[in-house]
Amino acid sequence: MQVPIENIYYLLCYAWNKLEEKDLVKIEAKDTTSLVDLFAKVLIGGVSHLIKRGFDRGYVQHSEETRSLRGKIAVSATVKRNLLNRGLVHCEFDELSYDVLHNQILKSTIRNVVKVEGLDQSLQENLIGHYHRLQEVTEVELSKKVFSRVQLNRNNYFYDFLMRVCELLYTNLLPSEKSGEWKFRAFLEDEAQMRGLFEAFVRNFYKIEAGDYRVRREDIFWRLLPIDDEAAKFLPDMRTDITLTSTDRKLIVECKYTADIFQEYFGTPKFRSEHLYQLNAYLSNLPEGDLNGRCQGILLYPAAGGTLKREYDFPNGRKLSVRTINLNQSWQVIHSDLLAMVA
């Protein structure tokens with residue numbers, strides 16, 4: 001799927017709920033021709049912002065053998081090493097340091113990005129300069145587990161934006177055929193990765209931009225009556241991707257990220273039945289009520305050209321539509337199209 005770099009950046013910032021950070025990190029995405037250059041610019045802008053406000057510090061545990069008391073004495077280590085006979089004790093203490101996990105991840109990510117094939121040379125040089133700004137910070141072996149250990153608070157929450165960028169880069173940087181170099185995978189083609197990202201983008205877009213609606217995920221319960229508790233356990237959960245509710249309207253938007261929205265049936269393209277069945281199950285099992293009785297369901301797919309809109313009526317007054325949002329157009333038009341969809 002061919003999507004302009006600027007739109008990818010908007011998509012990510014909405015999906016991560018990071019529009020404020022996007023404005024802090026000034027990026028001219030439209031002047032960028034590759035994703036790796038875009039993320040290099042984000043890292044450069046993010047680190048530049050941290051240089052101005054100051055890198056975060058935290059208390060890091062240290063230990064040493066010393067003649068003066070500091071922190072607390074590690075009695076076991078002191079006795080085991082027979083330190084008292086030499087006039088020493090083993091002390092453990094916390095020291096305020098820049099060498100905290102989120103700075104380690106940032107430095108280690110920069111180390112990898114400067115080795116990516118095809119990275120713009122001026123961006124590479126800028127990143128190397130920022131890498132050396134982190135001289136008091138050690139590197140860490142990146143992994144999903146390492147990212148899960150990051151703990152931030154209100155005072156250093158800007159790092160959350162950069163950690164998301166770092167994790168995206170970690171997931172999509174692959175070893176190159178050239179020794180010591182990396183190549184960046186076009187993650188838009190990874191359906192598993194993009195499925196959740198597209199859903200989060202649409203949901204957060206409506207939370208931020210559709211002020212007349214309450215936007216949430218909604219649990220829907222089967223209108224079946226199980227004969228006992230054991231039978232009830234086997235009913236699958238139903239939870240919408242996005243439910244929008246106003247004083248007089250309700251919509252359920254089910255987001256699907258797939259290479260082809262059609263399946264072929266005896267040579268004829270048809271909408272994917274499993275997607276229609278899923279949305280139909282949501283609509284059919286809504287509890288009684290005025291808004292639920294008039295609820296509209298939308299199957300929404302991303303596209304990289306043209307738009308598709310097909311609408312259907314239920315006998316009971318509900319509506320279902322299948323639509324695409326063209327991501328290969330200006331962001332202003334995407335913004336308008338998404339709002340018009342729920343107007």
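Predicted model: local features only at pLDDT ≥ 70, side-chain atom pairs only at ≥ 80, totals over all residues.
**Sheet, helices and aromatic rings**

Helix H13 (residues 331-341) lies across E10, E13 and strand E15 (319-326), and its direction is at about 175 degrees to that of E15. Contact here means heavy atoms within 4.5 Å, while axes are lines fitted to C-alpha atoms, for helices over the stretch in contact, with angles from 0 to 180 degrees between N-to-C directions. Helices (H or I, at least four residues) and strands (E, at least two) are DSSP runs, numbered from the N terminus. Residues are numbered from 1 along each chain as its sequence is written, and side-chain values use heavy atoms, with hydrogens and water left out.

Now for the sheet that these strands belong to. Six strands make up an open sheet with mixed pairing, in the order E6-E9-E10-E13-E15-E14. Strand E6 (214-216) and strand E14 (309-313) sit at the edges, each pairing on one side only. On average, neighbouring strands of this sheet are turned by 20 degrees against each other, direction ignored. Two strands count as paired if DSSP finds at least two bridges between them. Strand E10 (residues 250-255) and strand E13 (residues 296-303) run parallel and are joined by five bridges. Leucine 251, for one, has glutamine 296 in E13 as its bridge partner.

Back on H13, histidine 335 has its place in this helix. Histidine 335 is partly exposed, at a relative accessible area of 21%; the scale calls residues buried under 20% relative accessible area, exposed over 50% and partly exposed in between (1.4 Å probe, protein chains only). Leaving aside residues up to four places away in sequence, histidine 335 touches Tyr14, Phe205 and Glu209. Tyr14 and Phe205 turn up again in a cluster linked by ring pairs, together with Tyr10, Phe198, Phe201, Tyr206, Tyr257 and Trp331.

What about the other ring pairs? A search of the whole structure finds 18 aromatic pairs. Rings of Phe, Tyr and Trp (its six-membered ring) pair if their centres lie within 6.5 Å, and planes under 30 degrees apart count as stacked, over 60 as edge-to-face and the rest as tilted. Phenylalanine 184 and phenylalanine 187 go edge-to-face, 6.3 Å centre to centre with 85 degrees between the planes. Phenylalanine 184 counts as buried at 18% relative accessibility, and phenylalanine 187 is buried at 0%. Phenylalanine 262 and phenylalanine 271 have ring centres 5.4 Å apart and planes at 15 degrees, so this pair is stacked. Here phenylalanine 262 is partly exposed at 27%, whereas phenylalanine 271 is buried at 16%.

Elsewhere, helix H3 (residues 35-53) and helix H5 (residues 101-113) cross at roughly 145 degrees, their axes coming within 11 Å. Ala40, Leu43, Val47 and Leu50 in H3 meet Leu106, Thr109, Ile110 and Val113 in H5. By class, this contact has seven nonpolar, one polar and no charged residues, where Ala, Val, Leu, Ile, Met, Phe, Trp, Tyr, Cys and Pro count as nonpolar, Asp, Glu, Lys and Arg as charged, and the others, Gly among them, as polar.

Glutamate 21 is buried, with a relative accessible area of 11%, and touches Phe158 and Phe161, not counting residues up to four places away in sequence.
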